[in-house]
Amino acid sequence: MTVLKWCEGKEEGGGFIAAAGAPWGESNKDGNHVDTLVWSRDLYHATTALLDLGDGEPAARALHHLARVQRPDGSWPQNWTPSGKPHWNGTELDEVAYPILLARRLQSAQGIDWDPYPQLVRRAALYLIRNGPLTPLDRWEDAGGLSPSTLAVVVAALVGASEF
């Protein structure tokens, strides 16, 4: 629990970095230490783990953070700094779906102090409908197409969005 909380950005709450260290080594071939960035997929997993442990406040802050970083078209950058500055600008459809799932989990836990549907949920769901089911990049940034992992998350997110 402490490690997950440590991953939250300190300047602007809610931005959880992907990892507390560099799991692939101290350096990599292109100089990008992307595990010190926010990815909505990792943010979802960290904050819902905390929610499952009884601490919903980090997830609520994360949802506000996601609303600040969301693009006008309803998507999110592939990853960004905890302050919200985009790093890679590719699109992974699961990265668009996970914020919807977080909103739905918080709604179920009665942990939302605002209505995320008009801005965050609806816009993201419309993006998924307009741009899926093929994903430009899969969750490993290797290939696009019909990724089973991405399809599962997108379908779950659209079901979650319909429950709002």
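Are arginine 41 and glutamate 92 buried or exposed? Both arginine 41 and glutamate 92 are buried, where buried means under 20% relative accessible area, exposed over 50% and partly exposed in between (1.4 Å probe, protein chains only).

The model is predicted, so local features need pLDDT of at least 70 and side-chain atom pairs count only at pLDDT 80 or more, while totals for chains, interfaces and linings use all residues. Residues are numbered from 1 along each chain as its sequence is written, and side-chain values use heavy atoms, with hydrogens and water left out.

**Overall fold**

The chain contains 6 helices and 0 strands; these are DSSP runs numbered from the N terminus, with helices being H or I of at least four residues and strands E of at least two. The radius of gyration is 15 Å, close to the 15 Å that the globule rule gives for 164 residues, so the chain is as compact as a globular protein of that length. This radius is taken over C-alpha atoms, and the globule rule is 2.2 Å times the number of residues to the power 0.38. Buried residues account for 44% of the 164 residues.

**Salt bridges**

The structure holds 5 salt bridges, each defined as a side-chain nitrogen of Lys or Arg within 4 Å of a carboxyl oxygen of Asp or Glu. Three of them are tabulated below.

| Pair | Closest N to O distance |
|---|---|
| Arginine 41 and glutamate 92 | 2.5 Å |

Arginine 104 in helix α4 and glutamate 163 in the segment after α6 are 59 residues apart. Arginine 104 is partly exposed at 22% relative accessible area, and glutamate 163 is partly exposed at 44%. Salt bridges with shared partners join Arg41, Glu92, Asp94 and Glu95 into one network.

**Two further buried residues**

Aspartate 138 sits in the loop between α5 (117-131) and α6 (148-162). Aspartate 138 is buried yet has no salt bridge, and the nearest side chain of opposite charge, arginine 41, is 7.2 Å away. Beyond residues up to four places away in sequence, aspartate 138 touches Glu92, Ala143, Gly144, Ser147 and Thr150, a contact being heavy atoms within 4.5 Å.

Histidine 65 belongs to helix α3 (residues 57-69) and is buried, with a relative accessible area of 1%. Its contacts outside four places in sequence include Gly13, Val38, Leu43 and Trp80.

Notes:
Lys and Arg count as positive and Asp and Glu as negative; His and the chain ends are not counted.
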